[in-house]
Structure formats: C-alpha cells, structure tokens
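Please keep the sequence and the model in view while reading.

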Amino acid sequence: MHVKKKYKKKWWAGTLPLFIFVAAGIYVMDSAGITKNTILDAISQAVQSNLGYQAVRSCMPVLVYDAASSGQKTIYEYLADSMDEMLPIYGYTRDEKSRVAVGNLGLPGEEDSCGYQEMQEIDAWNAALLEQENEQAVQEQVDLQGIRETEDRSALSSQTKPSQAYTAGEKVKKFSRQKLNDFDYLLQNFYRVDSTTTTNSRQLNAAKMLAKDMRVDKQQEGPQILIYHTHSQERFADSKNAAQSVVGLGDYLAKILEQTYGYRVLHHKGKYDIPDRDNAYSRAAPALEQILKENPGIQVVIDLHRDGVAENTRLVEKVNGKDTATIMFFNGLSHTTAQGDISYLYNPNLEDNLAFSFQLQLAAAEYYPGFSRFVYLKGYRYNLHYLPKSLLVEVGAQTNTYEEVMNAMEPLADVLDKVLSGG
C-alpha cells in the first residue's frame, strides 16, 4: 500500500505541468479562433500525406528517384504528370472528356487520325509525288510563279481598301515580363496543351522566345511571305461558293499585307484535302518544297485554316468596332506522351516556330485583347519544319459568318506586321 501511494504521488506530480500546459494551449487557440477540428484536420492531412509518400516510396522507388531528379515540387505532381505514360487508358479517358467539354476543335491532323497517317506514310512520300493532285498543284505553282492570282478577287469587292486605319498604335494591355518568365503563368495565360503531348519550362521560356529576331528582310527579291491552305475546302456558316472559304481569306490577307504593309506575298491555292482530308499534310509537302526552292526569298510560311467547334459555340469578339472571328495559333511539337520525341518527324526549326507564335500571341493579347484565343500545342509536326517563321493559324470556325472571318484578317495582318517589322 505504501508503494502504491508513492507511485500515485509521482504520477500526478509528473503530469500536472503537462495538463496545465495543454489547458493553456487550448485557451490560447480558442481565443485565436483555432478549433480542435482544425488541429485534427492538420494532423490527419499530415499523417495521410506521409503515409501516401511512404507507400509510393516503398512501391515505386524509381519514380521517387525520377521525381527528385526532375525538379518537380512534389512526388504527387510528378506522378500526375507521368500518369498518361504509366496508364494510357487514363489519358485516353481524360482526352475524351475534354473533347465532350469543349466540342470538336477540328484541329489540324484530327482527320489524319491524330497524325498516325502521317507517321505511316513518311516512307511513302516519294510515291505520293506521283499522285495526280500533287502533279497538278506543282504545275499550278510553276505556271503562276511570281504572278498574283486574281480570279477570286470579285469576292472581295465589298471590302474597303486596306488602310493604316487598321493599325493599332497603342497597347491596350501590358504584360509584365517578370510574370511571363513564370512558367505556370505563361502556360495558363497563353497556351493550351493537348493531352497527346507535353511541354516544359525549358521549351517554353518567355525570355528566350522574345529574344528571337523575327523581322523580315524586305531587301530580298521575290515573294517574302507564302500563304497556303492544307485544308482548302474549309468554309463558313453562310459561304455561298468556293471563293468564300479559307482561300478567300488568304486572298484578303495577302491584299492587306501587300497594300497596307508593303510585303510581297505569294498566295498558293493548291487543293490537298480533295478527295478527302486524310493525308492532306503529306500531299502538301512536295508542293511546299518546290515553292520554297523556286522562291528562296520567302521567309514566312502561313498555313491558313478554319477551326471546327460545337454548333452552339460562337468565336466572336468586337475588334475595330466590328464583329470579328477570333483566331488561334497552333504548333506541333514532334513529341507525344506515348512515344516521346518523334525522330522521323524531326523539326530543326521548332524553337523558332514556338518563338514566332508566342510573339504573335503576345502582340495580339496586348493590342487586341480577346482576338487570339491561345497557342494550341499538339504532338506532331504539320509541315511547320520548313522555315523558322512557319505559322499555322485557325481563323474562326464553321459557325462564323464569312464577314466575321474576313474582318479578322485586318487585326491578323497588323499583328503579323508588328512582329515581322520588329515594331
């Protein structure tokens, strides 16, 4: 009994200060508005996080090592970024949900089975040179070399003659260069990345992209800018004939660039999506190569498209006081999540291509906010590898009127000049 009493005395004596400390802590936390639920939640999250990390470290030690080497913030972020490659069905499911959410974008290459036709036919390009469409397109270019085509100009008769009134003199919005150097900010505000591919801060470095000199040398003889259409048959909501298609847009864009800004433009009207859109990029490649060979002064190549969206989607903004179709710049990265870098679709000009589209997107965002939606990044190449200043641009969609897309050519030409003139 004596020993038991002595033990109780020591127990109370040893724990009494602890009880006092806990009670005081509870009083202070209660005064500060911190509840026991807050404490329990924090402890629970910490325990769960630690247990989760320990589970990943035990089951996937290589992944933990790769995450530490990659510079990612946490193992969970790295795991999320790697999910498409580790679990392809996850990326496929997410991609399908994305398509349902935003509608069919009709992006370049969708009709080419997301590039698989391009992949399968790289080795067959020499045979494709003998196809009738290619022979006709090449012959058209030989016959019309150095001559501005005018057969569809009648469609432009209702348009006002281009003038300096289209030029935006002052920036409406300015972007902090410090913020642009934040990769997350850059990606969120200027890009959309297709689930078939990935990018990183080394590839999209704002400072490096802005440092690229994109000016055109106007002293070069012959055409300086080439406009063509991989999908020449794309039309609009109220198009009445073939002239009121993306080809008509090309005519008007060429006219503005020539008459307002003083560039020499060659508008090539080869048809590469006839009889169907499959393999249009493969069909267009030989003609592009011949045009560039015969016109070495060409420094800019523009592939002019029209997007495809859900029927209830309207891509329209007020620009220069007029209802104007919005645009979207597009880059292929020659890289997919599933395959990594695609060696046989190598693009030696990818870095410059990305700099060109980013400088255009930034100029559009500063001078015409809302006019350019974003730069869309996808996995394949889309014939953007021929020149450093190669551009693919989507103008409106099938739900836009022809007048709306024609109105878009004015700010597009101005944005092009601001970058190409170094203004």
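This is a predicted model: local features need pLDDT of at least 70, side-chain atom pairs count only at pLDDT 80 or more; totals for chains, interfaces and linings use all residues.

Of its 423 residues, 48% are buried. Among contacts between residues at least 6 apart in sequence, 80% join residues at least 24 apart.

**Helix H14 against helix H15**

- Two packed helices are described by the angle between their axes and by the distance between those axes.
- The crossing in which H14 passes H15 is right-handed.
- On the H14 side, the contact involves Phe-356, Gln-359, Leu-360, Ala-363, Ala-364 and Tyr-367.
- On the H15 side, these residues meet Val-415, Leu-416, Lys-418, Val-419 and Leu-420.
- Sorted by class, the residues of this contact between H14 and H15 are nine nonpolar, one polar and one charged.

**Helix H12 against helix H15**

- Helix H15 also packs with H12, at an angle of about 35° and with the axes 9 Å apart.
- H12 passes H15 in a crossing that is right-handed.
- From H12, the residues in this contact are Gly-248, Leu-249, Tyr-252, Leu-253, Ile-256 and Leu-257.
- From H15, they are Tyr-402, Val-405, Met-406, Met-409, Glu-410, Leu-412, Ala-413 and Leu-416.
- By class, the contact of H12 with H15 contains 12 nonpolar residues, one polar residue and one charged residue.
- Leu-416 of H15 takes part in the contact with H12 and also in the contact with H14.

**Nonpolar cores**

- The largest nonpolar core contains 61 residues, and Leu-257, Met-409 and Leu-416 are those with the most contacts inside it.
- Which residues does Leu-257 touch, not counting residues up to four places away in sequence? They are Ile-225, Ile-227, Gly-262, Tyr-263, Val-265, Ala-413 and Leu-416.
- Another core lies apart from the largest one and has 15 residues, among them Ala-285, Ala-287, Leu-288 and Val-301.

**A buried glutamate in a loop**

- Glu-234 lies in the loop between strand S2 (225-228) and helix H12 (246-259).
- Is Glu-234 buried or exposed? Its relative accessibility is 2%, and the limit for a buried residue is under 20%, so Glu-234 counts as buried.
- When neighbours within four places in sequence are left aside, Glu-234 is in contact with Ser-245, Val-246, Asp-273, Arg-277, His-305 and Arg-306.

**Backbone features in loops**

- The peptide bond that joins Ile-274 and Pro-275 is cis, with omega at about 5°.
- Pro-275 is placed in the loop between strand S3 (265-267) and helix H13 (280-294).
- Tyr-382 is not a glycine, yet its phi is positive, at about 60°.
- This tyrosine, Tyr-382, belongs to the loop between strand S10 (372-378) and strand S11 (389-397).
- With 1% relative accessibility, Tyr-382 counts as buried.
- Asn-383 is likewise not a glycine and has a positive phi of about 60°.
- The loop between S10 and S11 also holds Asn-383, which counts as buried at 2% relative accessibility.

- Leu-345 sits in the loop between strand S9 (340-341) and H14.
- The relative accessibility of Leu-345 is 0%, so this residue counts as buried.
- Leu-345 and Leu-333 are 12 residues apart along the chain, and 9.3 Å separates their C-alpha atoms.
- Gln-188 is part of helix H10 (residues 183-190).
- Is Gln-188 buried or exposed? Gln-188 is exposed, because its relative accessible area is 61% and the limit for exposed residues is over 50%.
- Gln-188 and Phe-374 are 186 residues apart along the chain, while their C-alpha atoms are separated by 9.6 Å.

How values were computed
Residues are numbered from 1 along each chain as its sequence is written. Side-chain values use heavy atoms; hydrogens and water are left out. A nonpolar core is a set of buried Ala, Val, Leu, Ile, Met, Phe, Trp, Tyr and Cys residues joined through side-chain atoms within 4.5 Å. Buried means under 20% relative accessible area, exposed over 50%, partly exposed in between (1.4 Å probe, protein chains only). Contact means heavy atoms within 4.5 Å. A crossing is left-handed if the near helix is turned anticlockwise from the far one by less than a right angle, and right-handed if clockwise. Helices (H or I, at least four residues) and strands (E, at least two) are DSSP runs, numbered from the N terminus. Ala, Val, Leu, Ile, Met, Phe, Trp, Tyr, Cys and Pro count as nonpolar, Asp, Glu, Lys and Arg as charged, and the others, Gly among them, as polar. Axes are lines fitted to C-alpha atoms, for helices over the stretch in contact, and angles run from 0 to 180 degrees between N-to-C directions.
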